[in-house]
Amino acid sequence: MQYMVLIYDDPKVWQEMSEGERNGVMGEYLAYSESLRHAGVYVDGSQLEGTQTATTVRLRDGARLVTDGPFAETREALGGYFLLECESLDEAIDHAGRCPSARLGSIEVRPIVQMPART
Amino acid sequence: MTDPAAAVDRVFRTEFGRAVALLTRVLGDIDLAEDAVQDAYATAVARWPMDGVPDSPRAWIVTVARNRAIDRLRRRRTLEQHSEQLARRAEVEMAPFEDVDDDAIPDERLRLMFTCCHPALAPEAQVALTMRLVAGLTVAEIARALLSNESAVAQRLVRAKRKLRVAGVPFRVPRDEDIPDRLAIVLSVIYLVFNEGYVATGGDGLRRDDVAGEAIRLGRVLMALMPDEPEAIALLALMLLHHSRRRARADAGGEIVLLADQDRSLWDEGLIDEGLDLTERALRLTGAPGSYALQASIAAVHARSLVGDITEWTRIVALYDALLRLAPSPVVDLNRAVAHSMAEGPQAGLDAVQRLVDAGSLADHHLLHATRADLLARLGRADQAAAYYARAIELADNGAERRFLERRLAAVKAGS
């Protein structure tokens, strides 16, 4: 099964880190994603630019509405993701729990919808 | 048995969890397993009254449920090729059990318990699933036990089973290193069920023995499956020791009788003996008693005391201290304050309660105010006691508890 590991953290936590601390966490992320590849579960993953660079698009009554944001009301925002191929939720939880941001923010694990096999 | 319908119910109640667990392991689908065992129940209701209860009901149920599951999968075949593979697998891996003795049927209930109590499920869902799939209670029975309505319970079960399936929750016993955390959830779910029966959180009557009895049955199953696990043994001991006082805890009118005022001849000695033995066994298995072992030890001190006056209160205070070191909790702190007041006098108890008040703990819990009122009444400060009883009455949800507090309030008013 495939699981989306969504990484939520507070951008302020990152801003308030010293250069050295930030480099430390980046190093942990490199090692973490290397370990995911090594375990054979890595499918895809990226860090996202901050919410201040986000743009929201809606179609209403046929008209396209483009707005700046959203700026999350909660302090934690989606900051990145990994797509993993795992045997079970337990395996996905194990990998999610080792993500450096598990300590700094929170990680949401969501199964990817499985399309029924065509016969 | 003379009443075949009652025999069907009794046998299914005992065998439901094991049959569901075994079928789930082979089919990988809890929903299908539950439906198949329910089908077997319908068949038994129709046939046992005429044919009699089979020699090995367990083998009969598993075999009939297996056949029904295969039928259901074959009917689904037009939709999915996968179903046919599963049906074949069920035929191959699960030979009919009709000719084997009960013990040859593997017991997969531990997997089922851990799956129903998976941390990815909300606590309410863990409780409902365990009651349905492991204990084999009907939706109507669960709704009654949890003081909920049937459609809410049914919906909770459907959502929980969907999450297990869609999120890919594995059907297995956790790895050794995860057992302590995961077992803690299983134990808390069983104890939650027990407490629903012990003091109904809402409603009128004080206790519902059936629910507490079901929790004890689950505790027995867990202990049989994990015979060397001290906390599983201790939880059963704790429940038995509480349950032993069930007839003494309320009077004929259903009103609360305090531990000190209980008629000890109404205590169930058989359950007390078993509870004391199990407490000792749990303590022997570990040098570091867990929270259930400590709670069972406290209950054991109460059970051994034949008269309220000679209860070893200092020992109880020491056990509460150990419990607080293990898992700090304001409710435990409050219980410790009561025990402390029994050992050192009401003023000492009141000082301990004041520390909780200062910390802002349990401000909306009726027990904090009731305890404060009791201690003030013991100190002869009736007016203050009355005010706190009134506050406790406002906050209590259970009718029997409220009426008990009203009687205490009337007593301090009469005495002042």
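**View 1. Chain B as a whole.** Of the 416 residues that make up chain B, 44% count as buried. Keep in mind that this is a predicted model. If you look for secondary structure in chain B, you'll find 19 helices and zero strands. Taken along the principal axes, the C-alpha atoms of chain B fill a box of roughly 80 × 45 × 40 Å. As for how the chain comes together, take the contacts in chain B with a separation of 6 or more: 64% of them come from residues 24 or more positions apart.

**View 2. The largest nonpolar core and Val37(B).** There are 138 residues in the largest nonpolar core, and Val37(B) and Tyr389(B) are the ones with the most contacts inside it. Helix α11 of chain B, covering residues 230-243, gives the most to this core: ten residues. As a bit of background, nonpolar side chains tend to be buried together in soluble globular proteins. Now pick out Val37(B) and skip its neighbours within four places in sequence. What is Val37(B) in contact with then? The partners are Phe16(B), Ala19(B), Val20(B), Leu23(B), Ile61(B) and Ala65(B).

**View 3. Helices α14 and α15 of chain B, side by side.** Here α14 (residues 313-326) packs against α15 (residues 330-344), both in chain B, with axes 8 Å apart and an angle of about 160°. Angles over 145 degrees count as roughly antiparallel, so that's the label for α14(B) and α15(B). The crossing in which α14(B) passes α15(B) is left-handed.

**View 4. Where α14(B) and α15(B) meet.** On the α14(B) side, the residues are Trp313(B), Thr314(B), Ile316(B), Val317(B), Tyr320(B), Asp321(B), Leu323(B) and Leu324(B). Facing them from α15(B) are Val332(B), Asp333(B), Asn335(B), Arg336(B), Ala339(B), His340(B), Met342(B) and Ala343(B). Sort the residues of this contact by type and you get ten nonpolar, three polar and three charged.

**View 5. A closer look at Val338(B).** You'll find Val338(B) in helix α15 of chain B. Is Val338(B) buried or exposed? Val338(B) counts as buried, because it has 20 C-beta neighbours inside 10 Å, and 20 or more is what a buried residue needs. Leaving out residues up to four places away in sequence, Val338(B) touches Gly349(B) and Thr371(B).

Methods:
Residues are numbered from 1 along each chain as its sequence is written. Chains are lettered from A and ligands numbered from 1 in the order in which they are written. This is a predicted model: local features need pLDDT of at least 70, side-chain atom pairs count only at pLDDT 80 or more; totals for chains, interfaces and linings use all residues. Axes are lines fitted to C-alpha atoms, for helices over the stretch in contact, and angles run from 0 to 180 degrees between N-to-C directions. Helices (H or I, at least four residues) and strands (E, at least two) are DSSP runs, numbered from the N terminus. Angles under 35 degrees count as roughly parallel, over 145 as roughly antiparallel, 65 to 115 as roughly perpendicular and the rest as oblique. A crossing is left-handed if the near helix is turned anticlockwise from the far one by less than a right angle, and right-handed if clockwise. Two residues are in contact if their C-beta atoms, placed from the backbone, lie within 7 Å. Ala, Val, Leu, Ile, Met, Phe, Trp, Tyr, Cys and Pro count as nonpolar, Asp, Glu, Lys and Arg as charged, and the others, Gly among them, as polar. A nonpolar core is a set of buried Ala, Val, Leu, Ile, Met, Phe, Trp, Tyr and Cys residues joined through C-beta atoms within 7 Å. A residue is buried if 20 or more other C-beta atoms lie within 10 Å of its own, exposed if 12 or fewer, and partly exposed in between; C-beta atoms are placed from the backbone.
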